[in-house]
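Please keep the sequence and the structure at hand while reading.

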Amino acid sequence: MTPTLKTHRYGPDEPVRLVALHGLTGHGKRWAPLLDEHLPDVPTLTLDLLGHGRSPAPAPWSLEAHADAVAAVLDETQSGPIVVVAHSFGGATALHLAARRPDLVKSLVLLDPAIGLDGDWMRQIAEQMVAYPDYTDRAEAKSDKVAGAWSDVPDHVIEAELDEHLIQLPNGRWGWRMHLPAVVTAWSELARNITLPENIIRVTLLRATRTSPPYVTTGLLDALATKLGDRFELVDVDCDHMVSQSRPTETAAAIRSHLE
């Protein structure tokens, strides 16, 4: 049985025109600053992926399982294909969704998507997460974000993230509202081969130029360009990995171009 994901609605009470998928360790409400401030007129559905936020975490935690869980939500809520915006691991999930259920995906806006990555790099990240899964307090959690991929995100957005997503754990320490085994497993999924949409759809990819090493591989870019031709567009954005949080204006513009 496909698990039921937690969903969040933004924008006017009208048929949904956009679905948003977050990255690893994230949650559906992470899209709120972008949607409330830059796309308030767009009826949008966001999801907590398997093992994230307030969604359940039954195994397996494969990209196929994530895509199928998203598909189950869309089968219940949508009457036709829809624009999907997706960040990082969400981008890998969106590509699998488009490949497995082409009837559900009208087009894709991918924000620094992560797929086909180096296996040793993914192992190192997973090992680091297992070794250091939590924090002493809120200040340490915030410091970790600022020192990492959130380095260029405005402070009020980071504070909102902490308010929503940081919780006290049973051991008395603090951590993100997520299921650790599911998230650790997902890092391995990002080392898998690239999966492309079954049909020729429009794909816009916003590549963060400050990530080192980059999440967007030349293999992914070449595969999308070869498969989609002039339906594929690459946009470089001067930011670190959290594209929609640090560059919401550019992100909103890319999304609106798909909704026109």
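## Cavity

The structure holds one cavity of 30 Å³ or more, where a cavity is a set of points, on a 1 Å grid over the protein atoms alone, at which a 1.4 Å probe fits but cannot get out. The largest cavity has a volume of about 50 Å³, a volume being the space filled by probe spheres set on the grid points, which are joined across faces, edges and corners. Its lining, made of residues with an atom within 4 Å of a point, consists of His 22, Gly 23, Arg 30, Trp 31, His 87, Met 242, Ser 244 and Gln 245.

## Basis of the model

This is a predicted model, in which local features need pLDDT of at least 70 and side-chain atom pairs count only at pLDDT 80 or more, while totals for chains, interfaces and linings use all residues. Residues are numbered from 1 along each chain as its sequence is written, and side-chain values use heavy atoms, with hydrogens and water left out.

Helices (H or I, at least four residues) and strands (E, at least two) are DSSP runs numbered from the N terminus. In strand β3 (residues 44–47), Thr 44 and Thr 46 point one way and Leu 45 and Leu 47 the other way, yet all are buried, that is, under 20% relative accessible area with a 1.4 Å probe and protein chains only, where over 50% would be exposed and values in between partly exposed.

Two strands pair if DSSP finds at least two bridges between them. Strand β1 (residues 7–10) runs antiparallel to β3 and is joined to β3 by four bridges, with Thr 7 standing opposite Leu 47. Strand β2 (residues 18–21) is also joined to β3 by four bridges, but these two strands run parallel, and Val 19 has Leu 45 as its bridge partner. Together β2, helix α1 (residues 32–38) and β3 make a right-handed β-α-β unit, right-handed meaning that, with the strands pointing away from the viewer, the path from the first strand over the helix to the second runs clockwise.

## Helix α6

The buried residues of helix α6 (residues 155–165) are Val 157, Ile 158, Glu 161, Leu 162, Glu 164 and His 165. These buried residues pack against α1, α5 (138–147), β6 (166–168), β7 (174–176) and α9 (243–246).

## Loops and backbone

Most residues other than glycine have a negative phi, and most peptide bonds are trans. Ser 88, in the loop between β4 (82–87) and α3 (89–100), is not a glycine but has a positive phi of about 55 degrees; Ser 88 counts as buried because its relative accessibility is 7%. Asp 112, in the loop between β5 (105–111) and α4 (119–131), likewise has a positive phi, of about 45 degrees, and is buried with a relative accessible area of 1%.

A cis peptide bond with omega of about 5 degrees joins Ala 59 and Pro 60, and Pro 60 sits in the loop between β3 and α2 (63–77). The bond from Ser 212 to Pro 213 is cis as well, with omega near 0 degrees, and Pro 213 is found in the loop between β8 and α8.

Thr 217 is placed in the loop between β8 (202–208) and α8 (218–228). Leaving aside neighbours within four places in sequence, Thr 217 is in contact (heavy atoms within 4.5 Å) with Ile 115, Gly 116, Leu 117 and Ile 194.

Terms used. On a 1 Å grid over the protein atoms alone, a cavity is a set of points where a 1.4 Å probe fits but cannot get out, and a pocket is an open set with protein on both sides within 12 Å along at least five of seven lines; lining residues have an atom within 4 Å of a point.
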